[in-house]
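Subject: Structure for your review

Dear colleague,

Please find below the structure that I am handing over to you. My notes on what was found in it follow directly after.

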Amino acid sequence: MKFSVLAALSGLACAAIVQAAPTSDDVYVCIGQNGVAEYRNTGIGKGCRKLDIPAASAPAPTKRAAPGKPAATTGPAVTASAFPKADGQVQKARDSDRKLILQDELRQEEGKLASLKADYNNGEPERRGDERNYAKYQERAAAMKDDIARSERNVDALRREVGKLR
């Protein structure tokens, strides 16, 4: 019973709003109690007056593609021939630079991994003086283990990238 009364009331409220809704072209300027001008789409309230604004031509709304269908493109299709190309020597130099950069990153990451493993000491890192509470020690050891796992993943990813290069 409550649902049907609420549905009826909300339906009446929606109908009243639709009937009182101004057209999208109507703009009103209302002077508030503090003397500041407010621009509104309704003229409800004291001190409101309708502005005469010439109609502007709006662009046509774009159509959305139906779900599961690709959106239609409006511009010309871009082909592979339209992309800029580098000559063979320039591309070889870029590939060489990329390989050197990746190898340098790999060396740095392997050094970081070795350092982390040395600090971790096979699961028994040295306790520090500020770790009187065993829980803090365990938290630091867990964080070190996570850092080692992350560094190992980075090393693996860098090795894969270097392996892909010719």
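Arg150 is partly exposed, because its relative accessible area is 41% (buried means under 20% relative accessible area, exposed over 50%, partly exposed in between, with a 1.4 Å probe and protein chains only). Its side chain meets that of Asp147 in a salt bridge, 2.9 Å from N to O (a side-chain nitrogen of Lys or Arg within 4 Å of a carboxyl oxygen of Asp or Glu). Asp147 is likewise partly exposed, at 31%. The two residues are three apart in helix H3, so about one helical turn separates Arg150 from Asp147 (helices are DSSP runs of H or I with at least four residues, strands are runs of E with at least two, and both are numbered from the N terminus). Salt bridges with shared partners also join Arg98, Glu161 and Lys164 into one network.

Before you read further, please note that this is a predicted model, in which local features need pLDDT of at least 70 and side-chain atom pairs count only at pLDDT 80 or more, while totals for chains, interfaces and linings use all residues. Residues are numbered from 1 along each chain as its sequence is written, and side-chain values use heavy atoms, with hydrogens and water left out.

The structure holds nine salt bridges. One of them is formed by the side chains of Glu152 and Lys117, at 3.5 Å from N to O. Glu152 belongs to helix H3 and Lys117 to helix H2, so this pair ties together parts that are 35 residues apart in sequence. Glu152 has a relative accessibility of 33% and therefore counts as partly exposed; Lys117, at 43%, is partly exposed. A salt bridge also links the side chains of Glu38 and Arg40, with an N to O distance of 2.7 Å. Glu38 is partly exposed at 35%, and Arg40 is partly exposed at 32%.

Glu109 may interest you as a charged residue in helix H2. Glu109 is buried yet has no salt bridge, and the nearest side chain of opposite charge, that of Lys112, is 4.3 Å away (Lys and Arg count as positive, Asp and Glu as negative; His and the chain ends are not counted). The side chain of Glu109 does make a polar contact of 3.5 Å with that of Asn154 (a pair of N or O atoms within 3.5 Å; within protein, one must be able to donate a hydrogen and the other to accept it, and residues adjacent in sequence count only if both atoms are side-chain atoms). Apart from neighbours within four places in sequence, Glu109 is in contact with Ser151, Asn154, Val155 and Leu158 (contact means heavy atoms within 4.5 Å).

The largest nonpolar core has 11 residues, among them Leu102, Leu113, Tyr120, Ile148 and Val162 (a set of buried Ala, Val, Leu, Ile, Met, Phe, Trp, Tyr and Cys residues joined through side-chain atoms within 4.5 Å). Helix H2 (88-120) and helix H3 (134-164) are the elements that give two or more residues to this core. Beyond its neighbours within four places in sequence, Ile148 is in contact with Leu113, Leu116, Lys117 and Tyr120.

Finally, the structure holds one disulfide (a pair of cysteine sulfur atoms within 2.5 Å). This disulfide joins Cys30 to Cys48, with an S to S distance of 2.0 Å. Cys30 lies in strand S1 (residues 28-31) and Cys48 in strand S3 (residues 48-50), 18 residues apart. The torsion about the S-S bond is about 115°, so the disulfide is right-handed. Cys30 is buried at 2% relative accessibility, whereas Cys48 is partly exposed at 23%.

Yours sincerely
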